[in-house]
Amino acid sequence: MKDKKEITTVGDNHVLTSIKTPLRADAFEKTDAEKIEDIQFHFQKIMETLGLDLTDDSLSGTPYRFAKMYVQELFYGLDPANKPKLSVFENKYSYKKMLVEQQITINSACEHHFLPITGYAHVGYIPKDKVVGLSKINRLVDYYARRPQVQERLVLQILNDLQEALDTEDVIVSVTAKHLCVSSRGIKDQSSFTTTLEYGGRFYDAEIRQEFLNIVAQETL
Ligand SMILES: [Zn+2]
């Protein structure tokens, strides 16, 4: 275990250590029901340590609600079994210009503080021989968001999967989000938000990248 000062520094600097989410080898040996039971037990201990009286009607169900929320609602994107299948289709229309799926809702949590990250993702690609169903992009974004995250990693994970599925490097992903760990604690900055942008292939061309940025800067529908 690192010393406490270093732990705090890593969290406040939001250091990214790997593109893959660091998972234990035994990550999926327990069933979801077993995980909920374990987390419920430990969260009850946390609440009791904080001095809360769990015999109170309002608090008694919280450890279970918390555990169920972690496993089934906030962090289902840790389990590859929940990964959406990115079915691709032949590009029959020979559509060769940019396609942008924008304003995709992000509900995530920072892995350093387990506090919400909320905002939007914008995804663009220039099709070659394959296209993907639009809602599959939203589902992929949601899958990677629903795990303890670092925003830089989130865009890379989405980008890499789409590049592979679409068989092209010509993909761009941006995420603009607010981090509750920045607004509600630490520096307590209520107004700042964070944008991350990753791309490959033809998006290295500043003009093409600008076209994407102009599209996502549009007013919402
Ligand atoms: Zn954080």
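View 1. Two residues are in contact if their C-beta atoms, placed from the backbone, lie within 7 Å. Helices (H or I, at least four residues) and strands (E, at least two) are DSSP runs, numbered from the N terminus. Residues are numbered from 1 along each chain as its sequence is written. Because the model is predicted, local features need pLDDT of at least 70 and side-chain atom pairs count only at pLDDT 80 or more, while totals for chains, interfaces and linings use all residues.

View 2. Strand 5 pairs with strand 2 (residues 99-110) in the parallel sense over two bridges. Cys 110 has Gln 149 of strand 5 as its bridge partner.

**View 3. The surroundings of Gly 119.** Gly 119 belongs to strand 3 (residues 116-125). This residue counts as buried because it has 21 C-beta neighbours inside 10 Å; the class requires 20 or more other C-beta atoms within 10 Å of a residue's own, whereas 12 or fewer make a residue exposed and values in between partly exposed, with C-beta atoms placed from the backbone. Leaving aside residues up to four places away in sequence, Gly 119 touches Ile 106, Val 175, Thr 176, Ala 177, Lys 178 and Phe 193. The C-alpha atoms of Gly 119 and Phe 193 are 8.9 Å apart, although 74 residues separate the two along the chain.

View 4. The chain is divided into domain 1 (29-78) and domain 2 (88-216), with bounds from an automatic or database domain assignment. Their C-alpha centres lie 31 Å apart. Five residues from domain 1 and seven residues from domain 2 form the contact. On the side of domain 1 that touches domain 2, four residues are nonpolar, one is polar and none is charged. Here Ala, Val, Leu, Ile, Met, Phe, Trp, Tyr, Cys and Pro count as nonpolar, Asp, Glu, Lys and Arg as charged, and the others, Gly among them, as polar.

Note on methods: Two strands pair if DSSP finds at least two bridges between them.
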